[in-house]
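Please examine the sequence and the structure shown below before reading the report.

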Amino acid sequence: MNNRSDHSAMNRQVIAEQQVLMRYLAGQLSDAEREAFEAHYVGHPQVLRELEVAAKLKLGLILLRDSGELVAPSRRHWQRGLAAAALLFVIVAVASWFATRTPAPPLLAASISALGESRQTPLLPADTYTIERTRSRGFDASVELPATSRTICLRVLPESLSATAYRLQLNAIAADAAPREIASVRLLRVDADGLVTVYASSERLQPGTYELILSGDSGRGAATQAVTSFLILIEPARAAVSSPK
Amino acid sequence: MLNEAIVIALEHMRSGRLGESERIAGYVFKITMNLLRNHQRNMNNRMDLRTATDSLPSLGHPDEVDLDQQRIKQLVRVVIESLGTARDREIVRRYYLDEEQKERICATLGVSALSFDKLIFRARQRLKALLESRGFSRGDFFCILAGMA
C-alpha cells in the first residue's frame with residue numbers, strides 16, 4: 001500500500017487483516033497507509049468509533065502501568081495444541097466469505113415469507129434461538145447451522161425497550177478491526193414477550209464469529225442509536241463435521 | 001492542539017474542502033493526530049525544546065482531563081480484571097501497551113489467530129459497553145490525546 005490507489009484499497013477487511021487500528025495508534029503505518037486510513041475513517045464514523053475505543057483501551061493501560069497497577073506476568077510457555085485446528089477454522093471461515101458473492105436471497109428478513117420471496121421453493125423453518133446479552137467471557141449465543149437450507153429464527157432480547165422499532169445488523173468478524181456488515185433489517189417491532197424476531201437464511205450463513213447489533217430505529221435515515229451488541233458463534237451442522245467412516 | 005485542529009477544520013469546512021459536515025468529527029480527529037505527530041517529531045528532534053516535567057508543577061492537565069483519564073483507567077481496569085486468565089491479560093497488554101505484532105504474540109504464546117481476534121474484540125466491546133453505560137461520548141476522546149502527548 002504505497003501509492004494513490006491506497007485510498008480506495010482501504011476497507012474493513014484490509015483494516016482487519018493488517019491490524020491498521022493498532023498500527024495507526026502506535027505510529028507504525030507508512031505515510032501512504034496512514035493517509036489511506038485517515039481518508040477512510042473521516043468518511044466512516046463507525047471506524048472512527050472503533051479507533052476511539054482502541055485508543056481509550058491503550059490509554060487506560062498506559063495509566064495503569066504508570067501507576068504500578070499493571071504487573072507484567074512472567075513469561076511462560078503455553079500449550080500450542082489447538083492452534084492448528086483453530087487456524088484451519090479461520091481459513092474455512094475466510095474462504096466462506098468469498099464464496100457468498102453471487103446474487104442471493106436476503107440473509108436476514110423480518111418474516112419467513114420475506115426471506116423466501118426470491119426463491120422458487122420456500123425455505124423450511126429450522127430451530128429458534130433466543131439471544132440475550134450474557135456476562136460470560138464467551139459467546140452470547142451459539143447457533144448450529146442445519147444440514148440443509150432452512151430458515152433460522154433468531155429472537156433477540158433488547159437491553160432496554162425504549163425504542164418503538166429496531167434495526168438489527170449482522171456483522172461478520174474476521175480479525176481485530178471494525179466488524180463487516182453483511183446484513184441488516186429495519187423497523188422491527190417488539191413482540192408481546194419483549195423479544196425482537198428476525199429470520200436468517202442458513203444457506204447464506206457460514207460458520208464463524210458474528211456480531212448482532214440491535215439499535216433503535218426511528219425510520220428517518222440511517223442514524224440510529226446503538227442499544228445492544230451480541231457476540232454469536234455460528235457452528236457447522238453436526239452431520240457436516242462428523243468424520244466419515 | 002485541539003483548538004488549533006478545530007479552527008483548521010472549520011476553515012476547511014467554510015472553504016468547501018471538507019464536503020459533508022457529518023465528517024467533521026473524523027476530520028478534527030485526523031488533524032489533531034497530525035498535529036500530535038508533528039509535535040512528537042519536534043520533541044524528538046529538538047532536545048532543547050524539552051523541559052523537565054518536575055519544573056512545570058503549575059502546568060498539569062486540567063482537572064476535567066485528569067478526571068476523564070481516571071475514569072478511563074478505572075473502566076480499563078474492570079475490563080482487564082474481567083479477562084479470564086493471566087494469558088488473556090498478557091495478550092491484551094502486549095498488543096495494546098507494548099505494541100507487539102499479533103503474529104509474534106500468537107507465536108510466542110501458542111494462541112491461534114481466531115482466539116486472539118476474539119479476545120481483542122471482546123475486550124474492546126466490553127470497554128465500549130462500559131463507556132456507553134457511563135455516558136462517555138466522542139467529545140471525551142480528546143482527553144486521550146492529552147494522555148498520549
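This is a predicted model: local features need pLDDT of at least 70, side-chain atom pairs count only at pLDDT 80 or more; totals for chains, interfaces and linings use all residues.

Residues are numbered from 1 along each chain as its sequence is written, chains are lettered from A and ligands numbered from 1 in the order in which they are written, and side-chain values use heavy atoms, with hydrogens and water left out.

**Chain A as a whole**

Chain A contains 8 helices and 9 strands; helices (H or I, at least four residues) and strands (E, at least two) are DSSP runs, numbered from the N terminus. Of the 245 residues in chain A, 47% are buried, where buried means under 20% relative accessible area, exposed over 50%, and partly exposed in between (1.4 Å probe, protein chains only). Among contacts in chain A with a separation of 6 or more, 68% join residues 24 or more positions apart; a contact means heavy atoms within 4.5 Å.

In strand β4 of chain A (residues 150-156), 6 of the 7 residues are buried. Two strands pair if DSSP finds at least two bridges between them.

| Partner of β4(A) | Sense | Bridges | Facing residues |
|---|---|---|---|
| β2(A), residues 124-131 | parallel | 6 | A:T130 and A:R155 |
| β7(A), residues 196-201 | antiparallel | 6 | A:V198 and A:L154 |

**Contact between the chains**

Helix α5 of chain A (residues 45-66) packs against helix α6 of chain B (residues 113-133) at an angle of about 95°, and their axes are 10 Å apart. Because of this angle, α5(A) is roughly perpendicular to α6(B). Axes are lines fitted to C-alpha atoms, for helices over the stretch in contact, and angles run from 0 to 180 degrees between N-to-C directions; angles under 35 degrees count as roughly parallel, over 145 as roughly antiparallel, 65 to 115 as roughly perpendicular and the rest as oblique. The residues of this contact comprise 6 nonpolar, 1 polar and 6 charged. Here Ala, Val, Leu, Ile, Met, Phe, Trp, Tyr, Cys and Pro count as nonpolar, Asp, Glu, Lys and Arg as charged, and the others, Gly among them, as polar. On the α5(A) side they include A:R49 and A:L57, and on the α6(B) side B:A123 and B:L131.

**Nonpolar cores**

A nonpolar core is a set of buried Ala, Val, Leu, Ile, Met, Phe, Trp, Tyr and Cys residues joined through side-chain atoms within 4.5 Å. The largest one has 57 residues, and A:F37, A:Y41, A:L51, A:L61, B:V92 and B:Y96 have the most contacts inside it. Helix α5(A) supplies the largest share of this core, 12 residues. Apart from this core lies another, of 27 residues, including A:I152 and A:L214.

**Single residues**

A:A16 lies in helix α2 of chain A (residues 12-17) and counts as buried because its relative accessibility is 6%. The C-alpha atoms of A:A16 and A:I173 are separated by 8.8 Å, although the two residues are 157 residues apart along the chain.

Most residues other than glycine have a negative phi. A:L187, in strand β6 of chain A (residues 180-188), is not a glycine, yet has a positive phi of about 55°. B:E99, in the loop between α4 (86-97) and α5 (102-109) of chain B, likewise has a positive phi, near 60°. A:L187 counts as partly exposed because its relative accessibility is 46%, and B:E99 counts as partly exposed at 27%.
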